[in-house]
Amino acid sequence: MALLVPGSGGCVRLRVGHSPRLAHLRMSFVTFATVSPKTPTKGDRVDWVEATSGFFENDTRPIMLFDGVCNLCNGGVKFVRDNDRNRSIRFEALQSEAGKKLLRRSGRAPDDISSVVLVEKDRSFIKSEAVVKIMEYIDLPFPQLAFFAQFVPLFVRDFLYDNVANNRYTIFGRSDTCEI
């Protein structure tokens, strides 16, 4: 017999046994299934901006999301840190729980590690737009280079970005762990 026991976090199987030597019944509880927390269905929508607003309550600096095991991405993070004397950008790996939530906030799938993403309090930037926006935050001469890069059509910038991103592991390799 199976029972749903409130507060147990699951179902338990009630085993009733009778021993020939004992004149009484023996009962034991064995957990055989757990109840998963309710997952959102099509009718249940999560407001990811609201759900992640805590990331910007005490610190309004943008967050750069990057592939934590990509050597090119880790090198990009080091480059940005070295050229950001004011520490105006925070960093989070796409593979982290916070990264997955911020990806959802940005309209991306939580397992999408195909692109760098820059998440500001009110907006997100993806692919080449993220790179250009990051350049605006770091030290000279990069804001000026970002100014000129914006005149290159987005489809051209994203085409170049995608070609590098799709081959980043082959060209630059990957590491076993995130360096940040």
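**View 1. The buried residues of helix α4 and the elements around them.** In this predicted model, the buried residues of α4 pack against the strands β4, β6 (117–119) and β7 (124–126) and against the helices α2, α5 and α6. Those buried residues are S128, A130, V132, I134 and M135, where buried means under 20% relative accessible area, exposed over 50%, and partly exposed in between (1.4 Å probe, protein chains only). Helices (H or I, at least four residues) and strands (E, at least two) are DSSP runs, numbered from the N terminus. Residues are numbered from 1 along each chain as its sequence is written, local features need pLDDT of at least 70, and side-chain atom pairs count only at pLDDT 80 or more, while totals for chains, interfaces and linings use all residues. Side-chain values use heavy atoms, with hydrogens and water left out.

**View 2. The crossing of helices α4 and α5.** Helix α4 (residues 128–137) and helix α5 (residues 142–149) pack at an angle of about 145°, and their axes lie 7 Å apart; axes are lines fitted to C-alpha atoms, for helices over the stretch in contact, and angles run from 0 to 180 degrees between N-to-C directions. From α4, the residues V132, M135 and E136 make the contact, and from α5 the residues F142, P143, L145, A146 and A149, with contact meaning heavy atoms within 4.5 Å. By class, this contact has seven nonpolar, no polar and one charged residues, where Ala, Val, Leu, Ile, Met, Phe, Trp, Tyr, Cys and Pro count as nonpolar, Asp, Glu, Lys and Arg as charged, and the others, Gly among them, as polar.

**View 3. Residue A149 in helix α5.** A149 is found in helix α5 and, leaving aside its neighbours within four places in sequence, is in contact with V132 and R157. The C-alpha atoms of A149 and V131 are separated by 9.8 Å, although these residues are 18 residues apart along the chain.

**View 4. The lining of the largest pocket.** The largest pocket is lined by 28 residues, and L72, G76, V116, V131 and Y161 lie nearest its centre; on a 1 Å grid over the protein atoms alone, a pocket is an open set of points where a 1.4 Å probe fits, with protein on both sides within 12 Å along at least five of seven lines, and lining residues have an atom within 4 Å of a point. Helix α2 gives the most to this lining, with six residues. By class, the lining has 21 nonpolar, four polar and three charged residues.
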